[in-house]
Amino acid sequence: MKIERVELALLYLPYVHFFETSLGREEGREFIIVKAYSEGLYGYGEVVASEAPFYSYETTSTAWHVLSKFLIPLVLQQGISRPEDYAWEARRFRGHPMAKAGLELALWDLQAKKAGVPLARMYGGTREAIDVGVSLGIEDSIPELLERVEYFIGEGYRRIKLKIKPGWDVEVVKRVREDHPEMLLQADANGAYSLKDKGGLMMLDAFDLLLLEQPFPPYDLWDHSRLQKEMSTPICLDESIIGEDTARQALEIGSCRVINIKVGRVGGFVEARKVHDVCRRAGIPVWCGGMLESGIGRAHNLHIASLPNFKLPSDLSASKRYYREDLIDPPIELERDGTIKVPEEPGIGVHPVEARIKRATLREESFS
Ligand code: OSB
Ligand code: MG
């Protein structure tokens, strides 16, 4: 399989409802769609970096630069087309995992389409439907949040994740828990705390949370291990886990009891599977995190989440929870039992609508 052409498109899609985390409030999302062509077929990938470096240092501009100058040439000039070979060569470039993952995912989609099988089958996935939850941002008031929690439970979601930050934490979690004593509930701080907040964070132990995600900043495995020793709530790391090695190190020093896998954060599916396997060998459950992806990125996540050690509900919601008009048709929908089906057609198994991609495009470039 020879890759003849790669296209990049920078898109902006507005959210149906703003999304606020400890890092700030956003009304929509800039991201990159990668399309790789070979022998009459094409594969899609999504680069989950955003316009500003809040969640990670990568941005849509750095990803565009690294893709066009370093990563796309691996495929077009060096003739690499197998995703595993690409992942190996891409390791020569330090960092920039989201840029790397976008192209790797396009190659995986292409390879599965060529083989005529859904990506989940190619990955060795073992489930047909994924247990999912919804990630709810910070609101202007607790009653507004409670109303949204109610709405999404009514939609059929069986797990709720609340974004927290200093000043929007214990009281918020307490009120949601009071309304829903049995619901699977977890909280995500996106690194907003430090060890001196330990006393406050420990108060969260009273609310029977499934897990507390990323209380301290990325790259701080040690302080997480100090907190986990004292907290009964399992800590789950997101931003801190950038690959197989950090996953192993975090487990060795007891920084967490759960890991959130995001394919963009670790640099592609090859690395994501290694993180999955390290956790499985250690008896640590994983779940699939989300970056408010379009239907293209979320379809990729569904296939990844079909691997056997994805044991907790994933941050994967229906298209209409994010966007008025998703890039794919039909959109992704929630089943009545609170799951989302893994697509069964070849590759990512969903259908991007080129006219919608065009309408959302701010910039595009073709490489051959
Ligand atoms: O920390 O998990 C996170 C979205 C953007 C950046 C970081 C995070 C998130 C989410 C969204 O929680 C989850 C989703 O895609 O539904
Ligand atoms: Mg997170």
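Colleague: Where does Pro 330 lie, and between which helix and strand?

Modeller: Pro 330 is in the loop that runs between helix 13 (319-322) and strand 12 (339-341). Helices (H or I, at least four residues) and strands (E, at least two) are DSSP runs, numbered from the N terminus. Please keep in mind that this is a predicted model, where local features need pLDDT of at least 70 and side-chain atom pairs count only at pLDDT 80 or more, while totals for chains, interfaces and linings use all residues. Residues are numbered from 1 along each chain as its sequence is written, chains are lettered from A and ligands numbered from 1 in the order written, and side-chain values use heavy atoms, without hydrogens or water.

Colleague: What makes the peptide bond from Asp 329 to Pro 330 cis?

Modeller: Its omega is near 0 degrees.

Colleague: How do you know that Lys 161 makes a polar contact with ligand 1?

Modeller: A polar contact is a pair of N or O atoms within 3.5 Å. An N or O atom in the Lys 161 side chain is 3.0 Å from an oxygen atom of ligand 1, so the pair qualifies. Lys 163 also has a polar side-chain atom 3.0 Å from a ligand oxygen, and for Tyr 322 the value is 2.7 Å. Taken alone, ligand 1 exposes 390 Å², and the protein buries 95% of that; these areas come from the Shrake-Rupley method with a 1.4 Å probe.

Colleague: What is the phi of Asn 190, and where does Asn 190 lie?

Modeller: Asn 190 has a positive phi of about 45 degrees although it is not a glycine. Asn 190 lies in the loop between strand 6 and helix 7 (198-202).

Notes. Polar contact = N/O pair within 3.5 Å; in protein donor to acceptor, adjacent residues only side chain to side chain.
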